[in-house]
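Please look over the following notes alongside the sequence and the coordinates. They are arranged as numbered points, from the whole chain to single residues.

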Amino acid sequence: YDWDLDGAENGFQRAIRCNPGYATAHHWRAHCLLAAGRIVEASTEMRQAQKLDPLSLPVNVGVGWCAYFGRRYDEAIKQYRTTLELEPNFALAHQTLGMALAQKRDYRDAISEFQTAVTLSGGSAGAIAALGYSYGLAGAKADARVQLARLKDLSQHRYVPAIYMALVYLGLGDRPGFSSWLSKAREERSEYLIY
């Protein structure tokens with residue numbers, strides 16, 4: 001991948017020097033740091049963004065995202081639930097909460113969160129993929145295949161990243177399907193593969 005993460009981070013650092021109170025620059029710099037695997041620094045930067053803009057829903061989800069990638073799933077779950085107290089209908093918070101619950105193998109609650117995310121997002125491909133993945137891990141293979149079919153149907157009308165298809169095949173334990181779609185995701189240069 002030819003992403004210039006250092007260049008992007010340097011740009012955000014310049015923006016922060018020009019305006020230290022600009023929460024958005026701290027927020028996106030934290031994402032660059034996450035992409036570089038610098039999780040502790042990313043967490044610090046995201047907390048600064050949250051301090052500057054405590055009511056920002058994306059920033060609050062970002063704080064949980066940093067905990068998630070640091071494998072601090074209980075902390076991530078707590079942060080996502082705090083975000084949902086600010087706005088119960090924020091689809092991304094439901095989706096990321098589901099991701100953290102799935103990591104703790106709480107598939108029942110993860111599935112519930114993903115179902116809510118699908119509904120609130122109007123059928124987001126990412127939420128559908130996460131739902132299918134969790135159904136697969138929970139042993140509900142038929143339900144996982146229904147979500148896979150939804151993604152394939154959706155792909156006839158709009159772009160659906162290959163990584164989403166790969167995720168459902170992974171949940172199903174279908175190695176050939178997963179490998180095939182993962183190769184396509186690499187060809188698409190999926191941003192999810194840099195984390």
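This is a predicted model: local features need pLDDT of at least 70, side-chain atom pairs count only at pLDDT 80 or more; totals for chains, interfaces and linings use all residues.

**Notes on the model**

1. Residues are numbered from 1 along each chain as its sequence is written, and side-chain values use heavy atoms, with hydrogens and water left out.

2. The protein has eleven helices and zero strands, both being DSSP runs numbered from the N terminus (helices H or I, at least four residues; strands E, at least two). The radius of gyration, taken over C-alpha atoms, is 17 Å, close to the 16 Å that the globule rule (2.2 Å times the number of residues to the power 0.38) gives for 195 residues, so the protein is as compact as a globular protein of that length. Along its principal axes the C-alpha trace spans about 50 × 40 × 30 Å.

3. Of the 195 residues, 47% count as buried, where buried means under 20% relative accessible area, exposed over 50%, and partly exposed in between (1.4 Å probe, protein chains only). Of the contacts (heavy atoms within 4.5 Å) with a separation of 6 or more, 47% are made by residues 24 or more positions apart.

4. Helix H2 (residues 23-35) has 13 residues and reaches 19 Å from its first C-alpha to its last, close to the 18 Å expected at 1.5 Å a residue, the expected span being 1.5 Å times one less than the number of residues. Eleven of the 13 residues of H2 are buried, so this helix is largely enclosed by the rest of the structure; among them are His 26, His 27, Arg 29 and His 31. Just after H2, Gly 37 takes a positive phi of about 80°.

5. Most residues other than glycine have a negative phi. Arg 71, in the loop between helix H4 (57-69) and H5, has a positive phi of about 65° although it is not a glycine, and at 67% relative accessibility it counts as exposed. Arg 105, in the loop between helix H6 (91-103) and helix H7 (107-121), likewise has a positive phi of about 65°, and it is exposed, with a relative accessible area of 66%.

6. Thr 82 lies in helix H5 (residues 73-86) and, at 34% relative accessibility, counts as partly exposed.
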